[in-house]
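Please look through the structure below before reading on.

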Amino acid sequence: MAQTLPLFLLIICLLLIPSSQIQQEQEAFTTIVISQQGLDFLKNLLITQAISSIIPLKLPNITKTAKFPFLGNVHMLLSNITIYQLQVLDSYVKPGDSGIAIIASGTTCNLSMDWSYEYNTWLFPVEISDQGHASVQVEGMEVGLTLGLKNQEGTLKLSLMDCGCYVKDISIKLDGGASWLYQGMIDAFEEQIGSAVENAITKNLGEGILKLDLFLQSLPKEIPVDDDASINVTFVDNPSLSNSSVGFDINGLFTARKKVPIAMYYYENTLPSVLCTEPTKMLGISLDEAVFNSASALYYDAKFMQWIVDKIPDQSLLNTAGWRFIVPQLYKKYPNDNMNMNLSLSSPPILRISEHNLDAMVYADLIIDVLEADQVIPVACISLVIRGSGSVGIAGNNLVGSVKLNDFSMSSKWSNIGNLRMYLIQVVCSERPFL
C-alpha cells in the first residue's frame with residue numbers, strides 16, 4: 001500500500017496538469033468587436049477586391065435560332081462575351097442571428113461581345129451571313145449574399161449560406177452589321193444574356209467565398225512577437241452577431257515560441273477587462289489583464305528581466321566614494337572603486353487593470369557589485385518593492401501613455417559588508433534616483 005499511494009498521486013498529477021493547460025487554451029482573454037462602421041469598411045474592401053478579382057469575366061457563348069418573317073429561321077451566335085466593367089452604386093452590410101447579409105443594389109456592368117448570324121431564304125438560293133461587335137450595359141442589377149461564421153477547431157469557418165443575382169434592364173448596342181437585326185437581337189438574347197450574367201456572378205462569388213474561407217483556415221493560431229514570444233490567437237466559441245456589430249473571442253495570451261509551458265502567474269480571479277464601446281470607432285479590442293500577466297510571466301521565465309546598470313545620470317553613485325557617508329564600511333573596504341548594479345526581478349510583475357488605470361507591482365533584487373581589478377565582487381543585495389501606475393490612450397493615430405512611480409520600499413536581503421542603514425539608502429535613492 002505504501003508503494004501504491006505515490007504511484008496514484010503521480011497519475012493524478014499527470015492528469016491534472018494537461019487539463020489545466022487545455023482549460024487555459026480554451027479560455028478567452030481578448031475580445032475583438034467590429035462595429036457597424038468597421039463592417040462597412042470591410043464590406044467596401046471586399047467589394048473592391050471581389051470586382052478586381054472577377055474583372056474581366058468571360059461568359060460562355062450563347063446560341064439561338066429565331067424565326068423572322070419572310071426570312072425563316074435565323075441562326076445567331078454571341079461569342080467572346082466579356083464583362084469588362086462592374087460598378088456598385090449602393091451597398092450595405094447587416095449582421096443578424098442567421099448570418100451576415102451583404103446587399104449591393106443599383107449595380108451596373110458593361111459587356112463586350114462578338115455577334116454573328118446566318119440564314120437561308122427562299123428569296124435567295126445562297127446562305128446569307130453577317131457579323132460584328134456589340135456592347136451591352138446591364139443596369140439595376142442587385143447582388144446579395146449571406147455569410148455564416150463559426151468557430152472550427154480554433155479557426156474561423158466562413159460559409160456561403162445564400163447568394164443571388166438579379167438583372168433588371170439590359171441595353172444592347174450593335175456596331176456594324178444590319179440595323180434591321182437590332183430589335184431582333186434584343187428580343188432574342190436579352191433573357192439569355194441576363195441569365196448568363198446572373199449565373200456567372202453568382203458562381204464567381206461562391207468561388208471567391210470558398211477561397212476566402214481557405215485563407216481564414218490557413219491563418220496561424222499563433223502570431224510571433226519576437227524570437228521568444230508568440231500571441232495565441234486561437235478563436236474561442238462562435239462569433240457573436242448583433243444587429244450592428246460582430247464580436248470575436250480569442251485566447252490572446254503570450255506563449256513561448258519553443259512551446260515551453262508558462263507558469264500560471266495571477267491568471268485566476270482577474271478583474272473584468274476594459275472595452276472601448278464608442279459607436280464612432282470601427283474596431284474595439286478588450287484585453288483581459290491576464291494577457292499582460294502572461295507576457296510578464298513569459299519574459300520573466302525567458303530571463304529577460306535582468307539588467308546590469310553601469311551608467312546613470314548621477315555617475316558618482318557608481319563609485320564607493322559616493323557612499324562613504326551612507327555606507328562607510330563599503331568605502332573603507334573598497335576605497336574609490338567603481339560599482340555596478342545587478343538588477344533582476346524576483347517574480348513576474350503583477351498587473352491590475354481598472355477602467356482608467358493600469359497598476360503594477362514589481363518585486364526585484366538589486367545586487368551591488370564592486371569592480372576591483374578584473375574581479376566583480378558582489379557585496380550586498382537589496383530587495384525592492386516598486387508600485388507604479390499608468391494610463392494608455394489614443395491621440396490621433398498614435399498610442400500614448402504615461403507612467404508614474406507611486407512608491408517603493410527597500411530592505412536588506414544579505415550583506416558582506418555588515419549592516420546596511422536602509423533608511424538612509426532609501427532617502428538617497430528617493431532624492432537622487434539612479435534606476
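Phe-254 counts as buried because its relative accessibility is 15%, where buried means under 20% relative accessible area, exposed over 50% and partly exposed in between, with a 1.4 Å probe and protein chains only. This residue lies in strand β14. Helices (H or I, at least four residues) and strands (E, at least two) are DSSP runs, numbered from the N terminus. Between the C-alpha atoms of Phe-254 and Ser-296 there are 8.8 Å in space, although the two are 42 residues apart in sequence.

The model is predicted: local features need pLDDT of at least 70, side-chain atom pairs count only at pLDDT 80 or more, and totals for chains, interfaces and linings use all residues. Residues are numbered from 1 along each chain as its sequence is written, and side-chain values use heavy atoms, with hydrogens and water left out.

Strand β14 belongs to an open sheet of 3 strands in the order β10-β11-β14, with antiparallel pairing. The edge strands, β10 (222-224) and β14 (254-256), each pair on one side only. On average, neighbouring strands of this sheet are turned by 40° against each other, direction ignored. Strands of a sheet pair through backbone hydrogen bonds, either parallel or antiparallel; here two strands are said to pair if DSSP finds at least two bridges between them. Between β11 (residues 229-232) and β14 there are 3 bridges, in the antiparallel sense. Ala-229 stands opposite Ala-256 in β14. Helix α4 (residues 289-301) lies across β11 and β14, and runs at about 25° to β14. For such angles, axes are lines fitted to C-alpha atoms, for helices over the stretch in contact, and the angles run from 0 to 180 degrees between N-to-C directions. Contact means heavy atoms within 4.5 Å.

Another open sheet has 4 strands in the order β12-β13-β1-β15, again with antiparallel pairing. Its edge strands are β12 (240-241) and β15, each of which pairs on one side only. Strands β1 and β15 run antiparallel and are joined by 5 bridges. Along this pair, Val-33 stands opposite Gly-284 in β15, and Thr-31 stands opposite Ser-286 in β15. In a regular strand the side chains alternate between the two faces of the sheet. In β15, the covered face holds Gly-284 and Ser-286, and the uncovered one holds Leu-283, Ile-285 and Leu-287. Helix α2 lies across β1 and β13, running at about 70° to β1.

The next topic is empty space. Rolling a probe the size of a water molecule over the atoms shows where empty space is left. On a 1 Å grid over the protein atoms alone, a cavity is a set of points where a 1.4 Å probe fits but cannot get out, while a pocket is an open set with protein on both sides within 12 Å along at least five of seven lines; lining residues have an atom within 4 Å of a point. Grid points are joined across faces, edges and corners, and a volume is the space filled by probe spheres set on the points.

The largest pocket has a volume of about 1100 Å³. It is lined by 39 residues, of which Ile-34, Leu-42, Leu-156, Leu-216 and Phe-248 are the closest to its centre. Helix α2 gives the largest share of this lining, 7 residues. Among the other elements that each supply at least two residues are β1 (30-35), α3 (182-218), β13 (245-250) and β15 (283-287). By class, the lining has 32 nonpolar, 5 polar and 2 charged residues. Here Ala, Val, Leu, Ile, Met, Phe, Trp, Tyr, Cys and Pro count as nonpolar, Asp, Glu, Lys and Arg as charged, and the others, Gly among them, as polar.

The structure also holds 1 cavity of 30 Å³ or more. About 90 Å³ of space lies in the largest cavity. Of its 15 lining residues, the closest to the centre are Trp-323, Val-327, Ile-368, Ile-382 and Ile-425. This lining has 15 nonpolar, no polar and no charged residues. Strands β17 (338-345), β19 (358-372) and β20 (375-395) each supply at least two of the lining residues, and the largest share, 3 residues, comes from β20.

Strand β17 also contains Ser-344, which counts as buried because its relative accessibility is 18%. Leaving aside neighbours within four places in sequence, Ser-344 is in contact with Met-305, Gln-306, Ala-364 and Asp-365.

For the chain as a whole, the secondary structure comes to 6 helices and 21 strands. Of the 435 residues, 38% are buried.
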